[in-house]
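Here is a short report on selected features of one protein model. Please keep the sequence and the 3D view open while reading.

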Amino acid sequence: MRSKLLPALAGIALLAGCTTPVATTHTVAKVEPALNLHARNFGATAPDTVRTLIVVLHGDGGPESRSDHYRFAEAATQNIPNSAAVALLRPGYGDAAGNRSPGQAGLGFGDDYTQERIDAIAESLGILRRRFASARLILVGDSGGAAIAADIAGIRPDLVDAMVLVGCPCALPEWRKGMQKQRHGAAWATPVASLDPLKTAGGVMPGMRAAVLVGLDDKITPPALSRAYAEALALRGIATDLRIVPGRGHDLLNDPEVLAATTRLATALPTKG
């Protein structure tokens, strides 16, 4: 944490042609560090009034899709009492307004869920966790953002109280094999350093709560991937709400079912303090 030194100016008294020094006092003011990633904030502005903090991670698509996670973050604060939401831009990603987070994004072949990028997002979560000390933190991830959210829950469970995964490529090798068949690109068969959520699931703490949602007609991240991850959580005794949404494909984040699942988690989580 950075500290900003604010010295008080010392007065100078003149006595009988001499100067008498007056003691100088220094006040140290703690300064909350800025997030290391670009973020948009929604909802309550005073951290000590926030009881639920929703952090939203977008998917791997182009800049035009960044409005999806902004829209969801705003809707969540309008539906969940005493809440705030932070929509993060993942490392190296930009939005349609020209905002961008530092770092290097992946190439879009399932190569973007690496330890380095996960650590960068975890750093932001840690800052937000301290800033909103009285709030439960719900991490919402869409598509590739869901894979990252699941990995964070597995390797940094101290940062998250609940997670909502939407259209998650949560069984990473199986997902990449399926995408290779669909798109016939050699890059999908190239080994990557991304962390597989099914392998990090062993670190998810039993007290975590999870909602896993996927469209029945999702051809990008088929329901079997979400089902496999939800079953892995359930085997660990983690309360998991799996919902396969009829008539919906991969573009699911702003479906009412996702907002309802997030609201249910906010209601069910025990209060802090």
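Helices, of at least four residues, and strands, of at least two, are DSSP runs numbered from the N terminus. The model is predicted.

Ser-143 is found in the loop between strand S8 and helix H3 (144-155). Its phi is positive, about 55 degrees, although Ser-143 is not a glycine. Most residues other than glycine have a negative phi. Is Ser-143 buried or exposed? Ser-143 counts as buried because its relative accessibility is 13%, and the cut-off for buried is under 20%.

His-184 also has a positive phi, near 55 degrees, and is not glycine either. His-184 lies in the loop between H4 and helix H5 (197-200). With 68% relative accessibility, His-184 counts as exposed, since exposed means over 50%.

## The largest pocket

The largest pocket has a volume of about 330 Å³. It is lined by 20 residues. Closest to its centre are Gly-59, Asp-60, Gly-61, Ser-143 and His-250. Two elements each give two or more residues to the lining: helix H1 (66-79) and helix H4 (172-183).

Strand S6 covers residues 52-57. Six of its six residues are buried. Thr-52, Ile-54 and Val-56 point one way from S6. Leu-53, Val-55 and Leu-57 point the other way. In a regular strand the side chains alternate between the two faces of the sheet.

S6 runs parallel to strand S7 (residues 83-88), and six bridges join the two. S6 is also joined to strand S8 (residues 136-142) by six bridges, again in parallel. Thr-52 stands opposite Ser-83 in S7. In S8, the bridge partner of Thr-52 is Arg-136.

## Helix H7

Helix H7 spans residues 256-268, 13 residues in total. From first C-alpha to last, H7 reaches 18 Å, close to the 18 Å expected at 1.5 Å a residue. Which residues of H7 are buried? They are Val-258, Leu-259, Ala-261, Thr-262, Leu-265 and Ala-266. These residues lie on the same side of H7, because they cover an arc of only 160 degrees around the axis. On the other side of H7, Pro-256 and Thr-267 are exposed.

Asp-255 caps the N-terminal end of H7. A side-chain oxygen of Asp-255 lies 2.8 Å from the backbone nitrogen of Glu-257.

Technical notes. Residues are numbered from 1 along each chain as its sequence is written. This is a predicted model: local features need pLDDT of at least 70, side-chain atom pairs count only at pLDDT 80 or more; totals for chains, interfaces and linings use all residues. Side-chain values use heavy atoms; hydrogens and water are left out. The expected span of a helix is 1.5 Å times one less than its number of residues. Buried means under 20% relative accessible area, exposed over 50%, partly exposed in between (1.4 Å probe, protein chains only). The arc is that of the directions from the helix axis to the C-beta atoms. A polar contact is a pair of N or O atoms within 3.5 Å; within protein, one must be able to donate a hydrogen and the other to accept it, and residues adjacent in sequence count only if both atoms are side-chain atoms. Two strands pair if DSSP finds at least two bridges between them. On a 1 Å grid over the protein atoms alone, a cavity is a set of points where a 1.4 Å probe fits but cannot get out, and a pocket is an open set with protein on both sides within 12 Å along at least five of seven lines; lining residues have an atom within 4 Å of a point. Grid points are joined across faces, edges and corners, and a volume is the space filled by probe spheres set on the points.
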